[in-house]
Amino acid sequence: MTAHPWFLGVSTPRILAHRGLVTPHEAAHGVAENSFAAVAAAHSAGADYVESDCHLTADGVVVLFHDDDLSRVTGDPRPIANVRSGELEALMADRGGLLTLAQALDAFPTVRFNLDVKAPGAAEPVGRIVARHGARVLLTSFSDDRRRTALAAAEAEGRGIRPATSAGSATIARLLAALAVRSRRGVRRALDGVDALQVPERQRRLRIVSPRLLDAAHAHGVEVHVWTVNDPADMTRLVEWGVDGVVTDRADVALRALR
């Protein structure tokens, strides 16, 4: 399988800056994850990839934000879907600045984005926005339906290369079941149309990342990225196992440890 452009020209292990980069110093000064300042810091540190999340505001603007509501980041309990973008911009003004998806793609033209579609209503708008940036976008979601909707919307625009994609939770569950019973057909079907597996090393007591999973993914041209890895020793250990990338809150630390 020919690699998608999102993967080309960057050496492995890939370092994906999780929600940008917020160092303890920047956090102490009020900078929030997924803000303009956080993405700028990741870019400045040398991260080629930024992992972020997409929600839709009340007036239909796709913004980079992880949670369904504003309580953790701003202290406002309202859901993002009930807040207009102008008001959200004001709330984020002293927290690093609100970043819409369209702004992120335009302001950071060399950054490759890994976008997690968090809200069902955001899927189609996300797909339309990234359509002309498909070569440097990977779309994902815990919901396979949401990621497929976003991919379909990008393709419908017909404006360039289809974004890359990583598997949702249901696809990963099918893959793990196929690996458990050693079903080559099941593995092949689970990995069909998938460019990457982005998974935790463990999910409670269940080990996700294993030599069997790595071998199966690599045999089908699929990369494995592990989240969220902040300890340099864990980063090094996972890369030595054969993991292709790590998603980390400390891209600066990962760049020093792995490059």
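Predicted model: local features only at pLDDT ≥ 70, side-chain atom pairs only at ≥ 80, totals over all residues.
Residues are numbered from 1 along each chain as its sequence is written, and side-chain values use heavy atoms, without hydrogens and water.

Helix α8 (residues 169–180) and helix α10 (residues 211–219) have axes that come within 11 Å and cross at roughly 110 degrees, and the two helices are therefore roughly perpendicular to each other. Helices here are DSSP runs of H or I with at least four residues, strands are runs of E with at least two, and both are numbered from the N terminus; axes are lines fitted to C-alpha atoms, for helices over the stretch in contact, with angles from 0 to 180 degrees between N-to-C directions. Leu175, Leu176, Leu179 and Ala180 in α8 meet Arg212, Leu213 and Ala216 in α10, where contact means heavy atoms within 4.5 Å.

## The largest pocket

On a 1 Å grid over the protein atoms alone, a pocket is an open set of points where a 1.4 Å probe fits, with protein on both sides within 12 Å along at least five of seven lines, and lining residues have an atom within 4 Å of a point. The largest pocket is lined by 26 residues, and Phe142, Gln198, Val199, Pro200 and Trp227 lie nearest its centre. Helix α8 gives the most to this lining of the largest pocket, with four residues.

How values were computed: Parallel < 35°, antiparallel > 145°, perpendicular 65-115°, else oblique.
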